[in-house]
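Have a look at the sequence and coordinates, then go through the points below.

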Amino acid sequence: MISSSVSSFVSCSVSSDDYNASCADYTYKELARDPSKYEGLLCHVHGEVIQVLEDGLDVTHRINITKDDYYWKDTIIVTYTRKSSTESRILEDDIVDVYGTFSVMYTYKSVIGGDVTVPMISAKYVVLSE
């Protein structure tokens with residue numbers, strides 16, 4: 001029932017600041033361990049972009065969201081539609097803040113042919129971190 005209320009809330013005209021403030025922070029382990037618990041909820045993650053796939057305005061990012069002492073780990077998938085072709089592009093190695101809806105777990109084939117299943121967020125905003 002919470003996700004229905006949240007969906008109604010975000011479909012209204014809400015400023016980006018208000019939307020971003022309504023997104024809760026979740027860890028990779030929380031999202032990966034109990035995905036059905038978070039499905040449809042607004043979330044915020046912070047991390048390093050490791051891959052960018054673009055198709056017109058539609059963009060898919062692979063982003064590592066857990067900061068270790070020396071590197072970032074724990075990959076998620078983020079789908080995003082740029083607002084216009086003049087919107088700044090997000091590049092590999094950028095540090096970003098993602099605000100959106102936790103979708104589902106997403107499975108894809110790795111380069112060596114194995115299945116990889118990771119959390120997926122449908123982003124409303126992907127912001128380059130200063």
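The notes below cover the overall fold and then the nonpolar cores.

This is a predicted model, in which local features need pLDDT of at least 70 and side-chain atom pairs count only at pLDDT 80 or more, while totals for chains, interfaces and linings use all residues. Numbering starts from 1 along each chain as its sequence is written, and side-chain values use heavy atoms, leaving out hydrogens and water.

**Fold and overall shape**
- The protein has four helices and six strands, taken as DSSP runs (helices: H or I, at least four residues; strands: E, at least two) numbered from the N terminus.
- Along the sequence, these elements follow the pattern α-α-β-α-α-β-β-β-β-β.
- The radius of gyration is 14 Å, close to the 14 Å from the globule rule for 130 residues, so the protein is as compact as a globular protein of that length; the radius is taken over C-alpha atoms, and the rule is 2.2 Å times the number of residues to the power 0.38.
- Along the principal axes, the C-alpha atoms fill a box of roughly 45 × 35 × 30 Å.

**Nonpolar cores**
- A nonpolar core is a set of buried Ala, Val, Leu, Ile, Met, Phe, Trp, Tyr and Cys residues joined through side-chain atoms within 4.5 Å, where buried means under 20% relative accessible area with a 1.4 Å probe, protein chains only.
- In the largest core, of 26 residues, Ile63, Ile76, Val78, Val96, Val98, Ile121 and Val126 touch the most other members.
- Strand 6 gives the most to this core, with five residues.
- Another core lies apart from it and has five residues, among them Tyr19, Leu42, Tyr99 and Tyr125.

How values were computed:
Buried < 20%, exposed > 50% of the residue type's maximum accessible area, 1.4 Å probe, protein only.
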